[in-house]
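Hi everyone, thanks for coming along. I'd like to walk you through the side-chain pairs in one structure, so please have a look at it first.

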Amino acid sequence: ESKIAAEAVCRAINPETTILRISGVAVPVFSEPPEVWPFMENQRIEFIHRDDAVSAICSAVTRAEARGRTYNIAGGMSWRMTGKKYVKDYFDLLGVPIEEARFQTRPGWCDWYDTNQSEDCLAYQNTSYETYLGQIEKEIQKLVEGIDD
């Protein structure tokens, strides 16, 4: 409710404001898994790669056709999955059994998003989920080998 109210204030101040509703952002670095994942095991989730979120923001600022519009920003088809699949993929890279994962018991804020209009206008969905997993795998390998960039 507070986000919708904030969007209304922005529109009242400047009707040309472009509003981006950005899904969870996946950053391709190793991070300690949370004690409880912020979604249910069978909940639909869709994140977006950090670089693609930045591309969407840059496009929204520079493309005149985006002015005054509201867009859902998310990763697209390859990023649509269940919470269990996302966690299993991450745990597989770490060599941790999925049975060790703990999920929320109530739905979190994640879901799948209609991004057809935003992608058509902003052309930002450039990084597949599979590419992201490869990037995470490389980061984990660097840690294992003690390589520091």
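Let's start with Phe47, which counts as buried at 10% relative accessibility. This is a predicted model, by the way, so please keep that in mind. Phe47 pairs with Trp109, and the two rings are tilted, with 55° between the planes and 6.3 Å from centre to centre. Where do Phe47 and Trp109 sit in the chain? Phe47 is in the loop between E3 and strand E4 (48-49), while Trp109 is in the loop between H3 and H4, so the pair links distant parts of the chain, 62 residues apart. And is Trp109 buried or exposed? Trp109 counts as exposed, with 53% relative accessibility.

Now, the aromatic pairs come to 13 in total. Another of them joins Trp37 and Tyr86: the ring centres are 6.2 Å apart and the planes stand at 80°, so this one is edge-to-face. Trp37 belongs to the loop between strand E2 (25-26) and E3, and Tyr86 belongs to helix H3, so the pair ties together parts 49 residues apart in sequence. Trp37 is buried at 7% relative accessible area, and Tyr86 is buried too, at 9%. Both pairs I've shown you have their rings in one aromatic cluster, whose members include Trp37, Tyr86, Phe47 and Trp109, along with Trp79, Tyr90 and Phe103.

On to the charged side chains. How many salt bridges does a search of the whole structure find? The answer is nine. One is between Arg44 and Asp111, at 2.8 Å from N to O. Arg44 lies in strand E3 (residues 44-46) and Asp111 in the loop between helix H3 (83-94) and helix H4 (116-122), so this bridge ties together parts that are 67 residues apart in sequence. Arg44 is partly exposed at 40%, and Asp111 is partly exposed at 29%.

Asp51 and Arg50 form another salt bridge, with the closest N and O atoms 2.9 Å apart. Then there's Lys142 with Glu139, where that distance is 3.4 Å. These two are three residues apart in helix H5 (residues 129-145), which means about one helical turn separates them. Lys142 is partly exposed at 21%, and Glu139 at 25%.

Last stop: Thr17, in the loop between helix H1 (2-13) and strand E1 (19-22). At 19% relative accessibility, Thr17 counts as buried, because the cut-off is under 20%. Leaving aside neighbours within four places in sequence, Thr17 is in contact with Cys10, Arg11, Gly68 and Arg69.

How values were computed
Residues numbered from 1 in each chain as written. Predicted model: local features only at pLDDT ≥ 70, side-chain atom pairs only at ≥ 80, totals over all residues. Heavy atoms only, no water. Salt bridge = Lys/Arg side-chain N within 4 Å of Asp/Glu carboxyl O. Helix = DSSP H or I, 4+ residues; strand = E, 2+ residues; numbered from the N terminus. Buried < 20%, exposed > 50% of the residue type's maximum accessible area, 1.4 Å probe, protein only. Contact = heavy atoms within 4.5 Å. Phe/Tyr/Trp six-rings, centres within 6.5 Å; stacked < 30°, edge-to-face > 60°.
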